[in-house]
Amino acid sequence: QVQLVESGGGLVQAGGSLRLSCAASGRIFSINAMGWYRQAPGKQRELVAGITSSGRTNYADSVKGRFTISRDNARNAVYLQMNSLKPEDAAVYYCNADIKGPGLNYAINYWGKGTLVTVSA
């Protein structure tokens with residue numbers, strides 16, 4: 001069994017910063033791509049940022065230059081540094097990862113339960 005647990009959400013004023021963390025635990029052999037998604041009320045879940053096992057990153061246009069994704073492979077963790085937050089960044093942020101278990105030759109996609117980010121104007 002694999003779990004992804006997010007932390008770091010909260011209430012911040014517009015222009016402020018937050019750092020989200022996500023740690024994977026359980027029967028893990030390796031982790032391929034990891035990423036952060038978000039879903040605001042009444043909207044579809046969208047990709048915020050992704051990072052490959054080699055460190056290649058990609059970002060939604062709306063967060064480029066403000067958010068930075070990083071990972072610590074030794075800790076099976078991924079982070080999202082969010083700066084210059086705007087009210088439109090408010091959402092539930094979800095961690096996502098493609099994880100191979102021991103003895104498997106394919107990865108399974110896992111989701112965390114999400115962490116709420118609220119940005120006041």
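**Salt bridges and surface**

Arg75 has a relative accessible area of 61%, so Arg75 counts as exposed. Keep in mind that this is a predicted model. The side chain of Arg75 pairs with Asp72 in a salt bridge, 3.2 Å from N to O. Asp72 is partly exposed, at 24% relative accessible area.

How many salt bridges are there in the whole structure? A search finds 5. Another one joins Lys64 and Asp61 at 3.1 Å, N to O. Asp61 is exposed, with 64% relative accessibility.

Next, Asp89 and Arg66. Their side chains form a salt bridge at 2.7 Å, N to O. Asp89 sits in the loop between E8 and E9, and Arg66 in the loop between strand E6 (57-59) and E7, so the pair ties together parts that are 23 residues apart in sequence. Are these two residues buried or exposed? Both Asp89 and Arg66 are buried. They also belong to a salt-bridge network that includes Arg38 and Glu46.

Ser84 is in that loop region too, between strand E8 (77-82) and E9. Ser84 is partly exposed, with a relative accessible area of 39%. Setting aside neighbours within four places in sequence, Ser84 contacts Gly15, Gly16, Ser17, Arg66 and Asp89. Ser84 and Gly65 are 19 residues apart in sequence, and their C-alpha atoms are 9.3 Å apart.

Now Arg71, in strand E7 (residues 67-72). What does a buried arginine without a salt bridge have around it? The nearest side chain of opposite charge belongs to Asp72, 8.2 Å away. A salt bridge needs a nitrogen within 4 Å of a carboxyl oxygen. Beyond four places in sequence, the residues touched by Arg71 include Ile31, Met34, Ile51, Val78 and Tyr79.

Last, the surface. Leu104, Tyr106 and Ile108 make up a nonpolar patch there, with about 240 Å² of accessible area together. Leu104 lies in the loop between strand E9 (91-100) and strand E10 (108-111). Leu104 is partly exposed, at 32% relative accessible area.

That's what I have. Questions are welcome.

How values were computed:
Residues are numbered from 1 along each chain as its sequence is written. This is a predicted model: local features need pLDDT of at least 70, side-chain atom pairs count only at pLDDT 80 or more; totals for chains, interfaces and linings use all residues. Side-chain values use heavy atoms; hydrogens and water are left out. Patches are made of residues with over 30% relative accessible area and no salt bridge: like charges are joined within 9 Å, nonpolar side chains (Val, Leu, Ile, Met, Phe, Trp, Tyr) within 5 Å. Accessible areas come from the Shrake-Rupley method with a 1.4 Å probe; for residues, only the protein chains shown count as cover. Helices (H or I, at least four residues) and strands (E, at least two) are DSSP runs, numbered from the N terminus. Buried means under 20% relative accessible area, exposed over 50%, partly exposed in between (1.4 Å probe, protein chains only). Lys and Arg count as positive and Asp and Glu as negative; His and the chain ends are not counted. Contact means heavy atoms within 4.5 Å.
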